[in-house]
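Dear colleague,

Please find below the structure that I promised to pass on, together with its sequence. My notes on it follow, and I would be glad if you read them with the model open beside you.

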Amino acid sequence: QVQLVESGGGLVQAGGSLRISCVASGITFSTNAMGWYRQAPGKQRELVADINSGGGTNYADSVKGRFIISRDNAKNTVYLQMNTLKPEDTAAYYCNAKEYNNYGILYNYWGQGTQVTVSS
């Protein structure tokens with residue numbers, strides 16, 4: 001059974017920093033692409049950042065230069081370091097894992113989400 005458990009969300013003032021974490025189990029973590037998505041009230045879920053098995057990263061334009069995604073394969077954990085936070089970063093943040101089975105079919109797994117609230 002795949003589980004993605006996020007932690008580290010909370011309330012922070014604008015300009016502050018926060019690091020959220022996601023611990024994965026039930027998947028071959030080191031070979032999976034991992035990502036962070038977010039969803040604000042009334043908006044669609046959007047990609048924030050992702051990282052492939054080789055450590056290559058991709059960021060949404062809105063967070064480039066402020067957020068850093070990283071992974072620790074020994075701990076089955078992916079992190080999102082969020083700096084210079086803005087009120088518009090307020091959202092529920094979801095951990096995502098992408099896994100292909102032996103037939104090339106993609107499975108997406110999601111965590112339960114962690115709330116990040118940035119006050120102005």
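**Strand β8 and its sheet**

S21 stands opposite Y79 in β8, where strands are DSSP runs (E, at least two residues) numbered from the N terminus. Please keep in mind that this is a predicted model, in which local features need pLDDT of at least 70 and side-chain atom pairs count only at pLDDT 80 or more, while totals for chains, interfaces and linings use all residues. Residues are numbered from 1 along each chain as its sequence is written, and side-chain values use heavy atoms, with hydrogens and water left out.

Strand β3 (residues 18-25) and β8 pair in the antiparallel sense over six bridges, two strands being counted as paired if DSSP finds at least two bridges between them. Another residue pair to look for is L18, which stands opposite M82 in β8. Six bridges also join β7 to β8, and these strands likewise run antiparallel, with I69 standing opposite L80 in β8. β7 and β8 form a hairpin with four residues between them, and N76 in the turn has a positive phi of about 50°.

Taken as a whole, the open sheet has four strands in the order β1-β3-β8-β7, with antiparallel pairing. Its edge strands are β1 (3-7) and β7, each of which pairs on one side only. Neighbouring strands of this sheet are turned by 15° against each other on average, direction ignored, the axes being lines fitted to C-alpha atoms and the angles running from 0 to 180 degrees between N-to-C directions. Strand β8 (residues 77-82) is mostly covered, since five of its six residues are buried; buried means under 20% relative accessible area, exposed over 50%, and partly exposed in between (1.4 Å probe, protein chains only).

R66 lies in the loop between β6 (57-59) and β7 (67-72), and it is buried, with a relative accessible area of 9%. Leaving aside its neighbours within four places in sequence, R66 is in contact (heavy atoms within 4.5 Å) with Q81, M82, N83, T84, L85, K86 and D89. A polar atom of the R66 side chain lies 2.9 Å from the backbone oxygen of T84.

**Salt bridges**

Side chains of opposite charge can pair when their charged atoms come close. If a salt bridge is taken as a side-chain nitrogen of Lys or Arg within 4 Å of a carboxyl oxygen of Asp or Glu, the count comes to four.

What is the distance between the closest N and O atoms of D89 and R66 in their salt bridge? These atoms are 2.8 Å apart. D89 lies in the loop between β8 and β9 (91-100) and R66 in the loop between β6 and β7, so the pair ties together parts that are 23 residues apart in sequence. D89 is itself buried, with a relative accessible area of 1%.

The side chains of E46 and R38 also meet in a salt bridge (2.8 Å, N to O); here E46 is partly exposed at 36% relative accessible area, whereas R38, at 6%, counts as buried. R38, E46, R66 and D89 are linked in a network of salt bridges.

K64 forms a salt bridge with D61, the closest N and O atoms being 3.1 Å apart. K64 is partly exposed, with a relative accessible area of 49%, and D61, at 64%, counts as exposed.

With best wishes

How values were computed:
A polar contact is a pair of N or O atoms within 3.5 Å; within protein, one must be able to donate a hydrogen and the other to accept it, and residues adjacent in sequence count only if both atoms are side-chain atoms.
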